[in-house]
Amino acid sequence: MQKQTPFHSGFIAIIGRPNVGKSTLLNALLGEKIAIVSNRPQTTRNRILGVCTTENNQLVFLDTPGVHTPRTQLGEYMMQAVRDSLQGIDGLMVVVDATQVTKPDRDLAADMAQHKVKKTLVLNKIDLVPKEKLLALLQSFSELGYDELVPISALTGDGVEELRATLIRMLPEGPLYFPEDTLTDRSERFLYAEIIREKALRNLMEEVPHGIGVEILGQHKVSDGLTEIDATIYCEREAHKGIIIGKQGSMLRRIGTEAREDIEMLSGTHINLKLWVKVREDWRNNRDDLQTLGYVRER
Ligand SMILES: Nc1nc2c(ncn2[C@@H]2O[C@H](COP(=O)(O)OP(=O)(O)OP(=O)(O)O)[C@@H](O)[C@H]2O)c(=O)[nH]1
Ligand SMILES: [Mg+2]
């Protein structure tokens, strides 16, 4: 790809309350799925960087955990990841769920409006909102001082290209921060663990998902075209372990099959995925466990 001058680039943080669709939006902007998505709040636990490069510009997105009041050390780590993501950025995208704008959404949007960078307020999930309601909502955010208000559906893609054009207009002149073929700064190992966690989140009910952590123990090439991956799913209680394994192992098999299919697509090779389940009581408040599972502050 021929790099054009002047070249524009910048870091843009994606901020919002849990479940508003930040990770779905990151994936839509990249045209690739790198961040896991579920209908449960607090799905994303780390800052996830995604890069989109053209001959004229490079957009570097930072997906972040949903802003909430932390109740565990993991929650505190997550909120630190949000604060860290706000450092050194060139732009800010604040996402709200247009189907249910709450006071905490408005408070967060008002708080973020204080940042002295280019700011876009993104009203997501417009596929579920009647036009009249949307106009009133847009109006209700117009006084906060955002440079742009953009309605989108990250799920259907409606408005996503308009949003991209808006963000590109806001980029300052800048260097190529990452090689042009970079998609994310996250390792395969991280992405695989996240895929397994996503399948667990999607299949498990009630309080079990929040206490789940995944560690990739190892991966080795068995032959050309076949890799074996060993991973442990941690949970917080013996009763949860039973639920994750399921009747005669049926739940664990389902999580394993769904995860294997996604990992095979990502890696382009056949995968033999071996999953174990272990109980680690209160791991979300244990510093060593948090470290083992990759919840370690960067830099
Ligand atoms: N109908 C509809 N659903 C959406 C849209 N965008 C996201 N969703 C759904 O909203 C849910 C949450 O999406 P995520 O992308 O995981 O939300 P998030 O903001 O990253 O959530 P956290 O990581 O928990 O903070 C999922 O069930 C998505 O499929 C949209 O534009 N329309
Ligand atoms: Mg997310």
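Trainee: How far is an oxygen atom of ligand 1 from a polar backbone atom of glycine 66?
Mentor: This is a predicted model: local features need pLDDT of at least 70, side-chain atom pairs count only at pLDDT 80 or more, and totals for chains, interfaces and linings use all residues. Residues are numbered from 1 along each chain as its sequence is written, chains are lettered from A and ligands numbered from 1 in the order written, and side-chain values use heavy atoms, without hydrogens and water. For glycine 66, the distance is 3.1 Å.

Trainee: How much of the accessible area of ligand 1 does the protein cover?
Mentor: Take the area by the Shrake-Rupley method with a 1.4 Å probe. On its own, ligand 1 has 660 Å². The protein covers 90%.

Trainee: How many aromatic pairs are there?
Mentor: Rings of Phe, Tyr and Trp (its six-membered ring) pair if their centres lie within 6.5 Å. By this rule, the count is four.

Trainee: What kind of pair do phenylalanine 11 and tyrosine 177 form?
Mentor: Planes under 30 degrees apart count as stacked, over 60 as edge-to-face, the rest as tilted. These ring centres are 4.8 Å apart. The planes stand at 70 degrees, so the pair is edge-to-face.

Trainee: How many residues apart in sequence are the parts that this pair ties together?
Mentor: Phenylalanine 11 lies in strand β1 (residues 8–16). Tyrosine 177 lies in the loop between α5 (160–170) and α6 (188–203). The separation in residues is 166.

Conventions: A polar contact is a pair of N or O atoms within 3.5 Å; within protein, one must be able to donate a hydrogen and the other to accept it, and residues adjacent in sequence count only if both atoms are side-chain atoms. Helices (H or I, at least four residues) and strands (E, at least two) are DSSP runs, numbered from the N terminus.
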